[in-house]
Amino acid sequence: MLALLSARRFGPLFATQFLGAFNDNLFKTAFIFLVAFQLRAGDPAGAATLAVVATGVFILPFLLFSGLSGEISDARDKAVIARLVKGAEIAFMALGAIALALESEVFALGVIFLMGVHSTVFGPVKYAILPQHLAANELLLGTGLVEGATFVAILLGQIAGGLLPIALVGPVALGVAITGWLASRLIPPAPPSSTIPIDWNPVSASRRALGEAFASRELRIATICISWFWALGAVYTTQFVPLAKNDLGGTEGVATLFLAAFSIGVASGSAGVSRLLGGRISTRLSPWAGLIMALAGLDLFFAERHFSAAITTDVGTFLSDPRGWRILADLTILAVAGGIFSVPLYGVLQTASDPAGRARAIAANNIVNAGFQVAAVLAIGAAITRGASVPAVLLGAGLTVVLLIPLLRKLPR
């Protein structure tokens, strides 16, 4: 693992994507805290609504432009695209620093949209470039490190966005963007395999990417299962705060502990699955990992029901109770299994697609992924509004993995 991270054919890409994911979440979280604690401190409903709007604004470019980004990544040198995207991020973060200084909600939402565009364009690059730079027995490890690092970067970005003084967020984000651009300059060339002209129409480009992906059974199943996993992750991470506060009587620290356990668990499973599979692209562990996720989610439900919320629970109090450790263990096991579940499916996307259309396959996955996340969060929100408890909602969401096991068994072992 260390040898791969230190190699130029992987290390700079790893650093580039990690810093980009960190910056996305740093800025978005800082904006949400600014709104909640300053701009709309007397309007909790308005602050909560704006937090949802910010998330939607960030996801929107994935739905609109993923197809086009796949076209560009297939037709141009991916290393050049990475450098251009990171150069744009510097400009976006400069605008973000101004937006935060002016305390302008509309301006900041515009910057969040631009960061969504930045991530949309870079998304196909970071996975489609790996088969060009890594040996076959390194691909699963490299993919796992990229996915695991993304979850850790999201966690660290959210923590930093909540802890840093708002005056420092802009300069820090700008410095991170510059560092990411410097790292991107070290990514080796990755010339295109495609000679097909770029379709600059976002609608028809997305239609072509989805059509190609869903015409292949392997790509179709991998896309659906990966998108389910990211939707589940969105459901869990958006409900950690209400779960900790309302159902377990916990503080914000307990919610952060849940987010840390989930993120580190996914990162551990993502990085470790290559060793379990001996470096081979295989989905033979994915059905079993899905089953473990369902069982961990079931035990998590019962563990939460048995936890007393009679007193306010900080992190120390939570960890002093064996039932708290049970909740944390269930959450961590679920997350580790999630990493083992999802990373081999990315390997299928990378190897089952034509090299000339590999980025379009990743782009199709990103489109479906964004759609699944939006639909899942809306469905969960509707269920809670109608009276469903957060633990029951998380249980129901987790058990849906059993519907995917027959699909997973259709993939080559």
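Some ground rules. Residues are numbered from 1 along each chain as its sequence is written, and side-chain values use heavy atoms, with hydrogens and water left out. As this is a predicted model, local features need pLDDT of at least 70 and side-chain atom pairs count only at pLDDT 80 or more, while totals for chains, interfaces and linings use all residues.

Let's start with the aromatic rings. Rings of Phe, Tyr and Trp (its six-membered ring) pair if their centres lie within 6.5 Å; planes under 30 degrees apart are stacked, over 60 edge-to-face, and the rest tilted. That rule gives 13 aromatic pairs. Take F151 and F229. Their ring centres are 6.1 Å apart and their planes meet at 55°, so this pair is tilted. Where do F151 and F229 lie? F151 is in helix 7 (residues 139-163) and F229 is in helix 10 (residues 217-247), so the pair ties together parts 78 residues apart in sequence. A word on helices: they are DSSP runs of H or I, at least four residues, numbered from the N terminus.

F151 has a relative accessible area of 6%, so F151 is buried. F229 is buried as well, at 2%.

Next pair: F258 and F318. This one is edge-to-face, 5.5 Å centre to centre, with 70° between the planes. F258 belongs to helix 11 (residues 252-276) and F318 to helix 13 (residues 315-319), and the two are 60 residues apart. F258 is buried at 0% relative accessibility. F318 is buried too, with a relative accessible area of 0%.

W228 is found in helix 10. It is buried, at 9% relative accessible area. For scale, the C-alpha atoms of W228 and Q158 are separated by 23 Å, and these residues are 70 apart along the chain.

Rings also meet charges here. A charge sits over a ring if NZ of Lys or CZ of Arg is within 6 Å of the ring centre and within 35 degrees of the ring normal. K28 does this over the ring of F58, with its charged end 4.8 Å from the centre. K86 does it over the ring of F122, at 5.0 Å.

On to salt bridges. One is a side-chain nitrogen of Lys or Arg within 4 Å of a carboxyl oxygen of Asp or Glu. How many does the structure hold? Nine. In one of them, E138 meets R9, with the closest N and O atoms 2.6 Å apart. E138 lies in the loop between helix 6 (130-133) and helix 7, and R9 in the loop between helix 1 (2-6) and helix 2 (11-39), so the pair ties together parts 129 residues apart in sequence. E138 is buried at 19%, whereas R9 is partly exposed at 33%.

Now look at R360. D74 and R360 form a salt bridge at 3.4 Å, N to O. D74 sits in helix 3 (residues 44-75) and R360 in helix 15, 286 residues apart. Both D74 and R360 are buried. R360 also bridges to E212, at 2.9 Å, N to O. E212 is in helix 9 (residues 202-215), 148 residues from R360. R360 has a relative accessible area of 5%, while E212 is partly exposed at 34%. Shared partners join E71, D74, R208, E212 and R360 into one network.

Helix 15 itself covers residues 358-385. The expected span of a helix is 1.5 Å times one less than its number of residues. After helix 15 comes G387, with a positive phi near 110°.

Last stop, the surface. W288, L291, L295, L298, F302 and L399 form a nonpolar patch with about 550 Å² of accessible area together. Patch residues have over 30% relative accessible area and no salt bridge; like charges are joined within 9 Å, and nonpolar side chains (Val, Leu, Ile, Met, Phe, Trp, Tyr) within 5 Å. Areas come from the Shrake-Rupley method with a 1.4 Å probe; for residues, only the protein chains shown count as cover. Helix 12 (residues 286-305) gives the largest share, five residues. L298 is in helix 12, and L298 is partly exposed at 32%.

Methods:
Buried < 20%, exposed > 50% of the residue type's maximum accessible area, 1.4 Å probe, protein only.
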